[in-house]
Amino acid sequence: MIKLIIFTDLDGTLLDHHDYSFEPARAALERIRAAGFPLIINSSKTLAEIVSIRSALQNTDPFIVENGGAIVSPPGMCPDASRPYVIETLGADHETIRRVLQSLRADEGFRFRGMSDMTTSEVAELTGLSLDEAAKAKDRLCSEPLVWEDSQAARVRFTALIEAQHLRLVQGGRFLHVMGDTDKAIAMEKLTARYRESEPDKEIITVALGDSPNDSAMLDVADIAVVIPAANGTQLKPGAREVIYPSAPGPTGWNQAMNPLLDRFGA
């Protein structure tokens with residue numbers, strides 16, 4: 001028996017880049033839920049943000065936060081089911097990352113604004129989020145998004161110094177993300193291995209959907225990669241064995257790609 005495990009980015013992929021709606025993907029989402037296929041959010045968003053989105057999606061599956069920085073398991077997949085979540089951090093924590101950034105800015109004079117440097121109002125204005133949503137975006141466990149305000153040459157040096165601290169720099173749709181030595185693919189493969197171990201009688205096929213450079217690693221390791229058209233016009237070229245390129249952006253393209261896959265696999 002075949003079981004699809006679907007890993008999806010949010011902004012610009014399952015959620016519209018402008019109004020954050022997933023409504024155009026509702027038909028495919030309902031089919032996925034009816035088939036019992038796990039739909040695992042794998043996003044740069046924080047735990048607080050994703051909890052709200054999962055509630056709207058009626059989703060109860062594990063999820064991955066802050067570009068693979070942590071895996072969050074809900075009740076039923078936790079050793080202690082009395083806890084609302086078990087958080088498994090895969091890289092450096094937020095406080096460690098902040099200390100490194102503050103040190104580099106003081107020592108090297110790099111010009112950037114981290115999300116922690118911004119007020120909730122500034123984050124809301126920059127992202128189009130409400131004040132409540134912006135506060136959730138600032139509530140971070142294991143990464144720091146920043147807006148780069150320096151030269152390209154300075155960014156090259158900044159990247160080298162970040163990597164020397166065993167951290168990574170990942171370009172997202174709006175922000176440059178500083179995080180631990182992990183990524184969306186590492187977290188995805190850890191969760192996939194757990195599903196394979198718990199359901200050895202099933203053939204697990206992974207599907208990953210994303211639109212921006214921070215999705216590249218996740219798309220590369222999927223059995224089937226779905227490249228959603230990016231808002232800035234760039235197109236990823238993942239190394240997955242099968243790659244699907246829907247013509248529409250956001251949740252419309254998500255729906256456009258997933259419905260034929262669900263037809264193929266009998267959902």
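Two strands were taken as paired if DSSP finds at least two bridges between them; helices (H or I, at least four residues) and strands (E, at least two) are DSSP runs, numbered from the N terminus. The structure is a predicted model, in which local features need pLDDT of at least 70 and side-chain atom pairs count only at pLDDT 80 or more, whereas totals for chains, interfaces and linings use all residues. Residues are numbered from 1 along each chain as its sequence is written, and side-chain values use heavy atoms, with hydrogens and water left out.

An open sheet is formed by 4 strands in the order E6-E7-E9-E8, with antiparallel pairing. Strand E6 (112–114) and strand E8 (167–171) are the edge strands, each pairing on one side only. From one strand to the next the twist averages 30°; axes are lines fitted to C-alpha atoms, for helices over the stretch in contact, and angles run from 0 to 180 degrees between N-to-C directions. E8 is joined to the antiparallel strand E9 (residues 176–180) by 5 bridges, and Arg168 stands opposite Met179 in E9. Helix H3 (residues 94–108) packs on the sheet and touches E6, strand E7 (143–148), E8 and E9, contact meaning heavy atoms within 4.5 Å. The direction of H3 makes about 30° with that of E7.

Nonpolar cores were defined as sets of buried Ala, Val, Leu, Ile, Met, Phe, Trp, Tyr and Cys residues joined through side-chain atoms within 4.5 Å. Buried means under 20% relative accessible area, exposed over 50%, and partly exposed in between (1.4 Å probe, protein chains only). The largest core has 35 residues, of which Ile6, Val207, Trp254 and Met258 touch the most other members. Helix H9 (residues 250–264) gives the most to this core, with 5 residues. Leaving aside neighbours within four places in sequence, Val207 is in contact with Leu4, Ile5, Ile6, Phe7, Ala222, Ile224, Val226, Met258 and Leu261. A second, separate core of 18 residues includes Ala187, Met188, Leu191 and Ile204.

Tyr195 lies in helix H7 (residues 184–198) and is buried, with a relative accessible area of 7%. In helix H4 (residues 120–127), the residues Val123, Ala124 and Thr127 are buried. Viewed down the axis of H4, the buried residues fall within an arc of 100° and therefore line one face of the helix; the arc is that of the directions from the helix axis to the C-beta atoms. Helix H5 (131–138) is included in what covers the buried residues of H4. Gly128, which follows H4, has a positive phi, near 85°.
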